[in-house]
Amino acid sequence: MIPAAPAAAPGAGVLPTGTGHAPCHHGELLQGVFLDDDGRRCAGLVTLPMAGPGSSAEFVRRPGTAPEALTVVPADRTKAARAAALAVAECAERTGQPPCGGELRISCDIPVGLGMGSSTSDVIAAVRAVADSYRLRPAPGAVARLAVRAELACDPLMLDGRPVLFAQREGRVLEVLGPALPPLVVVGCALGGGAPVDTLSLPVHEPADSDVRAWERMRTRLRRAVATGDAQLLGRVATASARRGQQVLGHPEFGALTALARRVGATGVQIAHSGAVAGVLFDPAVPGLRHRVRSCLRALDAHGIPATRTFTTVTPTKEIPDGPAHGPAHRGVDRQAGPRTPRRPARLPAL
């Protein structure tokens, strides 16, 4: 952790308080088992960033109390509580203070169980809030290390949306793919009716050497897609990865999703490999983009697949208008779909 600029000492009777925030993501573009620089197999993933929903945390430190006197609200955010306790221990050591208790408050508008990184977002926000209460600024590597200790695996949400191949069980970057993803328009949806997926209940398969070689080929192609800004190639890689993921997830709508993506001229599809959220990917440079997006929304509705949000990979996230009459998209926010949007209302209130 790197010390931040010195802050004024709190007044008498004011407890040290810190705040933190973390974003979510929209599932994965690529996930599998890859080789690190030493030739060792590592589970890894590349997430699709999405601005908007996220977790916010506030930590009120209570010097002089026992470290175990740490409470969290809501009480079921046990991973965030573990992360806060770990962060307190590390921050106290770095500042030469005894560990203490405190109260952590989490506010999160990310749907749980859809594969959007809700637990990692909570954990990162908690670590940042604790560090802020000590007037420290945690480096991304330090946040990742604490996140893995708190929840055994984490998403790369501490890296601010940079496209990286990330070893989620080790909390380290296997490869920086480039400065930014190619521009994409994503029509989000939820498979399985949006029912949460219990990641721990999914079967575990030991990949064969041929599987690892296939994932490495996808990695090479994704690296090239990022380097050249090729949205078409990125869509093909994401679709291939999503199709492999179906060997475990087995979403019954997956065939319909890929078929309608081809029919409306999308570059491909992506899914959360440990959840139900999915996206139909479009190259924003193609002619008739708005028509293609509207056709996609109608097709999703016809197949009973609830649409959630249409957004771009350009930061800040912008929602795509459903017609010229709406004018330019609002910056920095995701507007709710207009009343003429031809799709069924999403069963995901937080989205």
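Colleague: In which sense do strand β4 and β5 pair?

Modeller: This is a predicted model, in which local features need pLDDT of at least 70 and side-chain atom pairs count only at pLDDT 80 or more, whereas totals for chains, interfaces and linings use all residues. Residues are numbered from 1 along each chain as its sequence is written, and side-chain values use heavy atoms, with hydrogens and water left out. Strands are DSSP runs of E with at least two residues, helices runs of H or I with at least four, numbered from the N terminus; two strands pair if DSSP finds at least two bridges between them. Between β4 (residues 70–73) and β5 there are four bridges, and the sense is parallel.

Colleague: Which residue in β5 is the bridge partner of R61?

Modeller: Strand β3 (residues 41–62) pairs with strand β5 (residues 101–108) in the antiparallel sense over eight bridges. In β5, the partner of R61 is G102.

Colleague: How far apart are the closest N and O atoms of R172 and D36?

Modeller: A salt bridge requires a side-chain nitrogen of Lys or Arg within 4 Å of a carboxyl oxygen of Asp or Glu. R172 and D36 form such a contact, and their closest N and O atoms lie apart by 2.9 Å.

Colleague: Is D36 buried or exposed?

Modeller: Buried means under 20% relative accessible area, exposed over 50%, and partly exposed in between (1.4 Å probe, protein chains only). Because its relative accessible area is 10%, D36 is buried.
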